[in-house]
Amino acid sequence: MSLFRSPMPFSLDARITRAYAACLGQHGPTPQGVFWNSAKTQSARFAALLAAISHAHTARQSGGAPLIADMGCGYGALLGYMRGRPALADWGYRGVDVTPAMIRACRAEFPDMKAHFTIGKAPPMQVDYCLFSGTFNLCLTPDAARWQRYIIDELAACWQASRHGMAINLLCAREPVIRNNIYYASRDAMVAAFEAKFGNVTSHPTRQVKHDVTFLITRRR
Ligand SMILES: C[S@@+](CC[C@H](N)C(=O)[O-])C[C@H]1O[C@@H](n2cnc3c(N)ncnc32)[C@H](O)[C@@H]1O
């Protein structure tokens, strides 16, 4: 991909931010502007993650609708998706992204929610669940083991701010591999790592999205 041919800045975060800002600049606030192939698979991922959180929240009988942090919110497509669904109208939403250009796009798209979007890599406050859709798919290192460690480290900061759990999707393959700058995790290795570091884990293939797996991590009680 031409976006990655120029010399890369040193830190992983700087590489990620630069690549996403360039993609948004090229395609605008659209699924293609965050490296998705289509709106259909983008929405299918949202549906699976929200269903996992909804299920967990109902099982906890905690009362009230959950507050979620959309970690790696891109241009805010999840908020648009939620607004189209009355069953989610009571859910609280915060959007967080490491790429400043993405947060600018969110604030332009949702002027009434400007204060609910922040630049960063962890929620600005305690939330019930952190949600990650495609956040770790683009991988700008050739070292798959390093990328898995990076994912776990990023999640650890968010786990501290998650009262009940986290929902995350990852592309998966038999062995961890990076193809065309896209990371494919080992489902079993990820389940083991999440259980060792965080809480109880369930995982399901994401409906309608080839190779994608939706993981739900919940706090042990
Ligand atoms: C593939 S896009 C998905 C955007 C959005 N979740 C969606 O589905 O439309 C991934 C987004 O995650 C952001 N991102 C990557 N790593 C991140 C991190 N560690 N913390 C917060 N945001 C991150 C990128 O800037 C990018 O906007």
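Begin by selecting Asn 169 and the residues around it: leaving aside its neighbours within four places in sequence, Asn 169 is in contact with Arg 45, Ala 48, Leu 49, Ser 133, Gly 134, Thr 206, Asp 212, Val 213 and Thr 214, where two residues are in contact if their C-beta atoms, placed from the backbone, lie within 7 Å. Asn 169 lies in strand β5, and strands here are DSSP runs of E with at least two residues, while helices are DSSP runs of H or I with at least four, both numbered from the N terminus. Is Asn 169 buried or exposed? Asn 169 counts as buried because it has 25 C-beta neighbours inside 10 Å; a residue is buried if 20 or more other C-beta atoms lie within 10 Å of its own, exposed if 12 or fewer, and partly exposed in between, with the C-beta atoms placed from the backbone.

Before going on, two notes on reading the model. Residues are numbered from 1 along each chain as its sequence is written. The model is predicted, so local features need pLDDT of at least 70 and side-chain atom pairs count only at pLDDT 80 or more, whereas totals for chains, interfaces and linings use all residues.

**The whole chain**

Now select the whole chain, which holds six helices and nine strands. Its radius of gyration, taken over C-alpha atoms, is 16 Å, close to the 17 Å that the globule rule (2.2 Å times the number of residues to the power 0.38) gives for 221 residues, so the chain is as compact as a globular protein of that length. Along the principal axes, the C-alpha atoms fill a box of roughly 50 × 40 × 30 Å, and 38% of the 221 residues count as buried. Among the contacts in the chain with a separation of 6 or more, 67% come from residues 24 or more positions apart.

Next select residues 39-60, which form helix α2. The buried residues of α2, including Arg 45, Phe 46, Leu 49 and Ile 53, pack against β1 (67-71), α3 (77-83), β4 (127-132), β5 (162-173) and β9 (212-218). Just after the helix, Gln 61 takes a positive phi of about 50°.

Which element gives the largest share of the largest nonpolar core? That core has 52 residues, and those with the most contacts inside it are Ile 53, Cys 130, Leu 131 and Ala 167; its largest share, seven residues, comes from α2. A nonpolar core is a set of buried Ala, Val, Leu, Ile, Met, Phe, Trp, Tyr and Cys residues joined through C-beta atoms within 7 Å. Selecting Leu 131 shows one part of this packing, for Leu 131 touches Leu 49, Ile 53, Ile 68, Ala 69, Asp 70, Met 71 and Ala 167, not counting residues up to four places away in sequence.

Stay on helix α2 and select Ala 44, which counts as partly exposed because it has 18 C-beta neighbours inside 10 Å. Not counting residues up to four places away in sequence, Ala 44 touches Thr 206, Arg 207, Gln 208 and Val 209.

**Two loops**

Move to Phe 35, in the loop between α1 and α2, where phi is positive, about 70°, although the residue is not a glycine. Phe 35 is partly exposed, with 19 other C-beta atoms within 10 Å. Then select Asn 181, in the loop between β6 (177-179) and β7 (182-186), which has a positive phi near 65° and is likewise a residue other than glycine.

**The ligand**

Finish by selecting the ligand, which 21 residues surround, the closest being Val 34, Gly 72, Gly 74, Thr 99 and Gly 134; a residue is near a molecule if its C-beta atom, placed from the backbone, lies within 6 Å of it. The elements that give two or more residues to this shell are α1 (12-27) and β2 (92-97).

Conventions:
The expected span of a helix is 1.5 Å times one less than its number of residues.
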